[in-house]
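Thank you all for making time this morning. I would like to walk you through one model, starting with a term we will need and then moving from the contact between the chains to the fold of one of them.

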Amino acid sequence: MGQNLAAGIGFRPLQAGTQPAYATPTYRSTALRAPFSAPISFPGSLTETTGPRFTPERFPPLTDLSRVEGHDAQGQRIIVAGTVTDEDGKPVPHTMIELWQANAAGRYRHPVDRHDAPLDPWFHGAGRVFTDAGGRYRFVSVRPGSYPWRNHKNAWRPSHIHFSLFGPGFAQRLITQMYFEGDPLLALDPIFHSVPDAQARERLVARLAIDLTEPEWALGYRFDIVLRGRGATPMEA
Amino acid sequence: MPSATAQQTIGPYWHLLEDPQVADLTRFGAPGPAITLQGRLFDGAGAPVGDACIELWQADPSPSELFPGFGRSGTNADGWFRFRTLKPGPIRGCGNATEAPHLALAIHARGLTRPLFTRVYFAADALNETDPLLSLIDDRARRATLIAEPDGDHTWRLDIRLQGARETVFIVF
Ligand SMILES: [Fe+2]
């Protein structure tokens, strides 16, 4: 036996409507990619209750996306900050957050992105930040532009930043998108609306935070993130 | 307390994060015989999925400075993904059950609104017959979607089908 630890405990059941359905007809690409069969339910063992650890030594932080080689990117400079907690409200310390986004014109530095909007030599659009001991994170970037995506006629994504997080357990893996308060495209976006529950959707929208805003420099936005919690009932050890 | 933050698709531009080295879990010099796990990812029309992000995690051998236990492989235009890692041993599961050697996979892609989780077992391992997860799947053909077959020297192959008649078994926790 490679491991001889006490058996793990499962995860909290997901609350209905707070996570997107795989099959979302208004999001066309799900048609051939969403499984037909229901997944099998399994409490998870050591494999799913443990997960990878990333260190700043091996995965160096890149917390200012708004500058490249000393040059400022085009666009509205922003500060994004918040906390990462679990469903019990407990902070998740020293965890890695990966970030990627389009530039201020709505263009990704990516070979597949053919949108007719300019690339910015001083914006790459990928970042990496670690939470501190209290589960807090912060990074600097520019507000990404909207971009068209051909899902339907005249489809434009609302401004968003992609987030990737790892909890202590592999089953807590979270990939999401942060949106901006007041963006009128949110009402029209099938990806945002793939989440049925309106409150759960609203929690994907970062709020302008004047306390995070730095005078004469950058607007602040707050975005708090919650990772799935562990189940309350330990399985038989 | 609020529920977990909603997932949103990884989309087509996640490669901004990609470091191909991360698909090789032996890159820090982990001792022990290495294996290759490879396969192709297909959609419901049988077409290769060329823009997915597949992540691998294993609890055995125990992660260490030399062995991260975690890997990430993109799929190429033909749907191929490929990892290099150490073959896991059995682990202890719930209720003192023994779990057969396996790897965990999370699949992220444009058109997947949230990750799909599955596991990879190894053909001809006697422990497969009593594995607690495999035992939940009565249909032998469905069970086979989680079992990698030998594919040359120290190489294992498992194809993943997102949708349709030969759809892979996915797992929720
Ligand atoms: Fe995007």
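Before I name any residues, let me say that two strands are taken to pair if DSSP finds at least two bridges between them, and please keep in mind that what you see is a predicted model. With that in hand, look at strand β1 of chain A, residues 40-41, which pairs with β12(B) in the parallel sense over two bridges; within β12(B), B:I171 is the bridge partner of A:I40.

How many residues of chain B are in contact with chain A? There are 61 of them, and they meet 71 residues of chain A. On the chain B side, the elements that give two or more residues are β5 (91-92), β7 (102-108) and β12 (171-172), with β7(B) supplying the largest share, four residues. By class, that side of chain B has 35 nonpolar, 19 polar and seven charged residues.

Setting aside residues up to four places away in sequence, A:V80 touches A:F139, A:S141, A:I161, A:A206, A:Y221 and A:F223.

Finally, chain B itself has one helix and twelve strands, and buried residues make up 49% of its 173 residues. Its radius of gyration is 16 Å, which agrees with the value near 16 Å that a compact globule of 173 residues would have.

Methods: Residues numbered from 1 in each chain as written. Chains lettered and ligands numbered in written order. Predicted model: local features only at pLDDT ≥ 70, side-chain atom pairs only at ≥ 80, totals over all residues. Contact = placed C-beta atoms within 7 Å. Nonpolar A, V, L, I, M, F, W, Y, C, P; charged D, E, K, R; others polar. Rg over C-alpha atoms; globule rule 2.2 N^0.38 Å. Buried ≥ 20, exposed ≤ 12 C-beta atoms within 10 Å, placed from the backbone.
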